[in-house]
Amino acid sequence: MRSRPVVLLALSASLAGCGINSVPTAEENAKARWADVQNQYQRRADLIPNLVATVKAAGAQEKDVLTEVTQARASATQIQVSGDDLADPAKMQAYQRAQAGLTLSLQRLQEAYPELKSQANYTTLMSQLEGTENRITIARNDYNTAVQSYNTRIRTFPDAIGARIFYGAKPMVPFQATTPGAEAAPKVDFGG
């Protein structure tokens, strides 16, 4: 009777050394790291198209303002008034309209200048692209490390015994760069 608790204690200790707890813990850790990889892919899929659209919209707004100023300046310089034209009310009126158009365009540019930030938007986009790809790289590396730990655990003594007998554990596959689909980095295109 006294030997029964000792036998149970010895059996418990031997089972604990056979991966009863460590194998599923390692497996769940690897699965959680894969979920982190998928989370970073989803973050990229959600974030990058919106950032690109924002940068494109801001650039288009700035392009419109600068195009308007350029056109107003060109039309203002096209109308020439010589000393002989100073008595011609039609030429003077056309000249004044062209100058007023340039003045309005320049005022609009001046008012919009604090909002002209396309260079900063492009810089932010580049930073976000780099940061996003770095997050994905870190998540994939963490996954591969967890897979290596799990695969090593299920193949080494004493955990290999419990891994085979109790769980039928099989090695996990580490991340491979040839996976198609969402794993492909988005193409950033500022074209029409």
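1. Helix H4 is built from 38 residues and spans 55 Å between its first and last C-alpha, which is close to the 56 Å expected at 1.5 Å a residue. Please keep in mind while reading these points that the model is predicted. Among the buried residues of H4 are Leu125, Ile136, Ala139, Tyr143 and Ile154.

2. Helix H4, residues 118-155, packs with helix H5, residues 159-167, at an angle of about 90 degrees, and their axes lie 5 Å apart. H4 is therefore roughly perpendicular to H5. On the H4 side the contact is made by Arg153, Ile154 and Arg155, while H5 contributes Asp159, Ala160 and Ala163. Sorted by kind, the residues of this contact are 3 nonpolar, no polar and 3 charged.

3. Glutamine 40 belongs to helix H2, residues 22-78, and is buried, because its relative accessible area of 13% is under the 20% limit. When neighbours within four places in sequence are left aside, glutamine 40 is in contact with Arg135, Ile136 and Ala139, and both Ile136 and Ala139 are listed among the buried residues of H4.

4. The structure holds 5 salt bridges, and a network of them links Glu27, Glu28 and Lys31. The closest N and O atoms are 3.6 Å apart between glutamate 27 and lysine 31, and 3.8 Å apart between glutamate 28 and lysine 31. Glutamate 27 and lysine 31 are 4 residues apart in helix H2, so about one helical turn separates them.

5. Arginine 33 forms a salt bridge with aspartate 36, with the closest N and O atoms 3.1 Å apart. Arginine 33 is partly exposed at 23% relative accessibility, and aspartate 36 is also partly exposed, at 35%.

Key:
Residues numbered from 1 in each chain as written. Predicted model: local features only at pLDDT ≥ 70, side-chain atom pairs only at ≥ 80, totals over all residues. Heavy atoms only, no water. Axes fitted to C-alpha atoms, helices over the stretch in contact; angles between N-to-C directions. Helix = DSSP H or I, 4+ residues; strand = E, 2+ residues; numbered from the N terminus. Parallel < 35°, antiparallel > 145°, perpendicular 65-115°, else oblique. Contact = heavy atoms within 4.5 Å. Nonpolar A, V, L, I, M, F, W, Y, C, P; charged D, E, K, R; others polar. Buried < 20%, exposed > 50% of the residue type's maximum accessible area, 1.4 Å probe, protein only. Expected span 1.5 Å × (residues − 1). Salt bridge = Lys/Arg side-chain N within 4 Å of Asp/Glu carboxyl O.
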